[in-house]
Amino acid sequence: MMMLPECPYCHQADRLLEELMREEQRYRAVSVRRVDESAEPEFAGTLDYYYVPAFYVEGEKMMEGIPTKEKVRAVLERALH
């Protein structure tokens, strides 16, 4: 998950991740790496996104921008397969 510490949508995505992991035990098997784009600009520059949060699974962009529960659920589902 590409993010910025001051981004309210990144905080929203974190809350949704936590909520979904509480609701569905199988989602707890997914390890989410949070990458602060301001702390890792070289890595961030290798990815194709404009908005944070941006979720990638195995190098494929799955979601970008304003998160919803359904979008975050889709990321977790993809990560499990």
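Where is the place of Glu58? In this predicted model, Glu58 belongs to the loop between E3 and strand E4 (60-64), and the legends below take up that site together with four others.

Figure 1. Although Glu58 is not a glycine, its phi is positive, at about 50°. Most residues other than glycine have a negative phi. The residue lies in the loop that runs between E3 and strand E4 (60-64), and Glu58 counts as exposed because its relative accessibility is 68%, where exposed means over 50%.

**Figure 2. Close-up of the peptide bond from Val52 to Pro53.** The bond that leads from Val52 into Pro53 is cis, and its omega is near -5°. Most peptide bonds are trans. Pro53 is placed in the loop between helix H2 (41-44) and E3.

**Figure 3. Close-up of the cysteines Cys7 and Cys10.** The sulfur of Cys7 has its closest cysteine sulfur in Cys10, at 3.1 Å, and because a disulfide requires the two sulfur atoms to be within 2.5 Å, this separation is too far for a bond. The count of disulfides accordingly comes to zero. Both residues are buried, with a relative accessibility of 9% for Cys7 and a relative accessible area of 1% for Cys10.

**Figure 4. Close-up of the largest pocket and its lining.** The largest pocket has a volume of about 280 Å³ and is lined by 18 residues, among which Met1, Arg33, Phe55, Tyr56 and Val57 lie nearest its centre. Strand E3 (54-57) and helix H3 (69-80) each supply at least two residues of this lining, and the largest share, four residues, comes from E3. Sorted by class, the lining of the largest pocket consists of 15 nonpolar, two polar and one charged residues.

Figure 5. As for contacts between rings, the count of aromatic pairs comes to zero. Arg73 has its place in helix H3 and counts as partly exposed, with a relative accessibility of 23%. The C-alpha atom of Arg73 is separated by 8.0 Å from that of Leu17, although the two residues are 56 residues apart along the chain.

Key
Residues are numbered from 1 along each chain as its sequence is written. This is a predicted model: local features need pLDDT of at least 70, side-chain atom pairs count only at pLDDT 80 or more; totals for chains, interfaces and linings use all residues. Side-chain values use heavy atoms; hydrogens and water are left out. Buried means under 20% relative accessible area, exposed over 50%, partly exposed in between (1.4 Å probe, protein chains only). On a 1 Å grid over the protein atoms alone, a cavity is a set of points where a 1.4 Å probe fits but cannot get out, and a pocket is an open set with protein on both sides within 12 Å along at least five of seven lines; lining residues have an atom within 4 Å of a point. Grid points are joined across faces, edges and corners, and a volume is the space filled by probe spheres set on the points. Ala, Val, Leu, Ile, Met, Phe, Trp, Tyr, Cys and Pro count as nonpolar, Asp, Glu, Lys and Arg as charged, and the others, Gly among them, as polar. Rings of Phe, Tyr and Trp (its six-membered ring) pair if their centres lie within 6.5 Å; planes under 30 degrees apart count as stacked, over 60 as edge-to-face and the rest as tilted.
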